[in-house]
Amino acid sequence: RLAVRHAARHTCTLRSSSSSSSAARLLPLACHALHTDKQSPLVVLGIESSCDDTAAAVVSSDGRVLGEALATQADLHAAWGGVVPSIAQEAHRDAIDRIVDAALSQAALSIHDLDAIAVTIG
């Protein structure tokens with residue numbers, strides 16, 4: 001479990017098995033963004049990879065979907081009659097950069113334009 005406390009006296013926590021994970025490195029940025037007074041809507045990259053699809057979407061806090069991308073693994077798992085965790089893990093690893101880049105491209109934004117990143121855990 002990692003925690004960041006910043007000047008606004010808010011504490012953000014993250015459960016992670018490794019303090020060197022990407023999520024741990026992004027926590028201070030995301031925490032600051034969520035607790036900063038901002039007039040325009042927040043822009044968040046959401047990443048979902050909890051089962052057999054890898055998905056990313058760029059959304060604004062006013063409810064607009066700015067960009068989205070999906071890589072399905074249905075064909076990879078069909079022969080096994082269900083999701084094979086090791087195959088799913090490798091497919092997520094192979095797809096994640098491409099899917100995030102596609103969602104950002106569709107939104108006409110870069111990683112530097114984001115206020116926060118949200119990911120599934122588990």
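The dialogue below sets values against definitions.

Modeller: This is a predicted model, in which local features need pLDDT of at least 70 and side-chain atom pairs count only at pLDDT 80 or more, while totals for chains, interfaces and linings use all residues. Residues are numbered from 1 along each chain as its sequence is written, and side-chain values use heavy atoms, with hydrogens and water left out.

Biologist: What is the mean pLDDT of the protein?

Modeller: The pLDDT is the predictor's confidence in each residue, from 0 to 100. Its mean for the protein is 78, and 68% of the residues reach 70 or more. Over residues 1-10 the pLDDT stays under 50, although the model has 26 contacts there beyond four places in sequence. Residues 14-23 are also below 50, with 15 contacts beyond near neighbours in sequence. A contact here means heavy atoms within 4.5 Å. Where pLDDT is low, the predicted coordinates should not be read in detail.

Biologist: How many helices and strands does the protein have?

Modeller: There are 3 helices and 6 strands, in the order β-β-α-β-β-β-α-α-β from the N terminus. Helices (H or I, at least four residues) and strands (E, at least two) are DSSP runs, numbered from the N terminus.

Biologist: What makes E4 and E5 a pair?

Modeller: Two strands pair if DSSP finds at least two bridges between them. Strand E4 (residues 53-60) and strand E5 (residues 65-72) are joined by 7 bridges and run antiparallel, so they qualify under the rule of at least two bridges. The hairpin has 4 residues between the strands, and Gly-63 takes a positive phi near 95° in it.

Biologist: How do you know that E3 pairs with E6?

Modeller: Strand E3 (residues 43-48) and E6 run parallel and are joined by 4 bridges. Leu-45 stands opposite Ile-117 in E6.

Biologist: Why are E5 and E6 placed at the edges?

Modeller: The open sheet has 4 strands in the order E5-E4-E3-E6, with mixed pairing. E5 and strand E6 (116-119) each have a single partner strand, so one side of each is left without a neighbour in the sheet.

Biologist: Which residues touch the most other members of the largest nonpolar core?

Modeller: A nonpolar core is a set of buried Ala, Val, Leu, Ile, Met, Phe, Trp, Tyr and Cys residues joined through side-chain atoms within 4.5 Å. This core has 14 residues, and Leu-45, Ala-56, Val-58, Ile-99, Val-100 and Leu-114 touch the most other members. The elements giving two or more residues are E3, E4, E5 and helix H3 (85-107). H3 supplies the largest share, 6 residues.

Biologist: Why is Asp-115 called buried?

Modeller: Buried means under 20% relative accessible area, exposed over 50%, and partly exposed in between (1.4 Å probe, protein chains only). Asp-115 has 12% relative accessibility, so Asp-115 counts as buried. Asp-115 lies in the loop between H3 and E6. A polar atom of its side chain lies 2.7 Å from the backbone nitrogen of Val-43.

Biologist: Why does Thr-120 fall in another class, partly exposed?

Modeller: Thr-120 has 33% relative accessibility and therefore counts as partly exposed. Thr-120 is found in the segment after E6. Leaving out residues up to four places away in sequence, Thr-120 touches Ile-47, Glu-48, Ser-49 and Ser-50. The side chain of Thr-120 reaches the backbone nitrogen of Ser-49 at 3.2 Å.

Definitions and conventions. Polar contact = N/O pair within 3.5 Å; in protein donor to acceptor, adjacent residues only side chain to side chain.
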